[in-house]
Amino acid sequence: MYQIGDKVVYPMQGAGTIVDIEKKELLGTVKEFYILQMPIANIRISIPVDHIDKIGIRPVMSSEDGERVMEILREETTEMSENWSQRYRENLEYLKTGDPFEMANIVRNLQVRDMEKGLSTSEKKMLARTKKMLISELIIVGSLTVEEAATLIDDAISFEESEDIGE
């Protein structure tokens, strides 16, 4: 059970801080909800306490995991399907896990592909959403601003590109 002040990740939404635990009546049944404050867009999300395992709520990554995410962003891209719809489906499955390492792979691979060949509209939306989720977690782990986290990601990915150019 999480407490007020805990920092957690809500897969497909991003990271936030539990700012309250409320009881609400729904269809005659009283249920407990975590109120999650998201650092991006300053929104609050209600999450039913009895569904956190099914939803996949997890604690934010450690600072060591944050370092590993940055290493992944600097690595070479991994092989992806040439078919955009197949690529999209595969990436969506990885994204649903809420795993920060998978999110880093998706952001790196799609951002590099976008620079080299371009992306479909759906993939551009996925890149933006995944990057936003990764940024939200980096903000919390590293006490960063949105701009600082976005710059860290972009610099890590372009670091790989500039190395390739010099070879």
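Does Leu 27 count as buried or exposed, and at what relative accessibility?

**Figure 1. Leu 27 in a loop of the predicted model.** The structure shown here and in the following views is a predicted model. Leu 27 is found in the loop that links strand β2 (14-26) to strand β3 (29-37). Leu 27 counts as exposed because its relative accessibility is 90%, and a residue is called exposed over 50%. The backbone angle phi of Leu 27 is near 50°, which is a positive value in a residue other than glycine.

**Figure 2. Ser 143 between two helices.** The loop between α5 (121-142) and α6 (146-166) holds Ser 143. Its phi is near 50°, again a positive value in a residue other than glycine. With a relative accessibility of 67%, Ser 143 counts as exposed.

**Figure 3. The open sheet of five strands.** The strands of this sheet follow the order β4-β3-β2-β1-β5, and their pairing is antiparallel. Strands β4 (44-48) and β5 stand at the edges; each has a single partner strand, so one side of each is left without a neighbour in the sheet.

**Figure 4. Strand β1 and its two pairings.** Strand β1 (residues 7-10) pairs with β2 in the antiparallel sense over four bridges. Within this pairing, Val 8 has Gly 16 of β2 as its bridge partner, while Val 9 has Ala 15 of β2. Strand β1 is also joined to strand β5 (residues 58-59) by two bridges, and these strands run antiparallel. Here the bridge partner of Val 9 in β5 is Arg 58.

Figure 5. Strands β1 and β2 form a hairpin with three residues between them. Met 12, in the turn, has a positive phi of about 75°. Pro 11 is also placed in the loop between β1 and β2. Pro 11 counts as buried because its relative accessibility is 7%, and the limit for a buried residue is under 20%. Leaving out residues up to four places away in sequence, Pro 11 touches Ile 55, Gly 56, Ile 57, Lys 96, Thr 97, Gly 98 and Met 133. Pro 11 and Arg 58 are 47 residues apart in sequence, and their C-alpha atoms are 8.4 Å apart in space.

**Figure 6. Helix α5 and the sheet.** Helix α5 lies across β1, β2 and β5. The helix runs at about 100° to β2.

Figure 7. In soluble globular proteins, nonpolar side chains tend to be buried together. The largest nonpolar core of this model has 27 residues, of which Leu 73, Val 107, Leu 134, Ile 135, Leu 138 and Ile 153 touch the most other members. At least two residues of this core come from each of α2 (63-74), α3 (84-96), α4 (100-116), α5 and α6. Helix α5 gives the most to this core, with seven residues. A second, separate core has 12 residues, including Tyr 10, Tyr 34, Ile 45 and Ile 47.

**Figure 8. The surroundings of Ile 135.** Which residues are in contact with Ile 135, leaving aside its neighbours within four places in sequence? They are Ile 40, Val 146, Ala 149, Ala 150 and Ile 153. Ile 135 and Ile 153 are both among the residues that touch the most other members of the largest nonpolar core.

Terms used:
Residues numbered from 1 in each chain as written. Predicted model: local features only at pLDDT ≥ 70, side-chain atom pairs only at ≥ 80, totals over all residues. Heavy atoms only, no water. Buried < 20%, exposed > 50% of the residue type's maximum accessible area, 1.4 Å probe, protein only. Pairing = 2+ DSSP bridges. Core = buried A, V, L, I, M, F, W, Y, C linked by side-chain atoms within 4.5 Å. Contact = heavy atoms within 4.5 Å. Axes fitted to C-alpha atoms, helices over the stretch in contact; angles between N-to-C directions.
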